[in-house]
Amino acid sequence: MISKTAETGYYALTPEEARQERDAGKQEGRQEGIQKVLAMLSKTEREKIKQRLASEKH
């Protein structure tokens, strides 16, 4: 994969670096989607979800 930067021009990514870039982009997209969904919920619904997620982690 070839990318372009303003500072250095073009550079090549190794396959591992390209995978990491894709994974980072996917994670950002998931976080944005989650934030949009949470914004649509009422405060009570958001609190219920947060409590459920907290209890699942333990």
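Arg19 and Glu16 both sit in helix H1 (residues 15-40), 3 residues apart, about one turn of the helix. Helices here are DSSP runs of H or I with at least four residues, strands are E runs of at least two, and both are numbered from the N terminus. This is a predicted model, in which local features need pLDDT of at least 70 and side-chain atom pairs count only at pLDDT 80 or more, while totals for chains, interfaces and linings use all residues. Residues are numbered from 1 along each chain as its sequence is written, and side-chain values use heavy atoms, with hydrogens and water left out.

The side chains of Arg19 and Glu16 form a salt bridge, 2.4 Å from N to O. The term means a side-chain nitrogen of Lys or Arg within 4 Å of a carboxyl oxygen of Asp or Glu. Arg19 also bridges to Asp23, with the closest N and O atoms 2.5 Å apart. Asp23 lies in H1 too, 4 residues from Arg19, again about one turn. An α-helix has 3.6 residues a turn, so residues three or four places apart point the same way. The structure holds 2 salt bridges.

How exposed are these residues? Arg19 is partly exposed, at 35% relative accessibility. Glu16 is partly exposed at 39%, and Asp23 is partly exposed at 33%. Buried means under 20% relative accessible area, exposed means over 50%, and partly exposed lies in between (1.4 Å probe, protein chains only).

Now the chain as a whole. It has 2 helices and 2 strands. From the N terminus, the order is β-β-α-α. Buried residues make up 7% of its 58 residues. Its accessible surface is about 5,300 Å², 55% of it from carbon and sulfur atoms. Such areas come from the Shrake-Rupley method with a 1.4 Å probe; for residues, only the protein chains shown count as cover.

Helix H2 covers residues 43-57. Its 15 residues should span 21 Å at 1.5 Å a residue, and its end C-alpha atoms are 21 Å apart, which agrees. The expected span is 1.5 Å times one less than the number of residues. The number of buried residues in H2 is 0, so H2 lies largely in the open.

Last, confidence. The chain averages a pLDDT (the predictor's confidence in each residue, from 0 to 100) of 84, and 81% of residues score at least 70. Where pLDDT is low, the predicted coordinates should not be read in detail.
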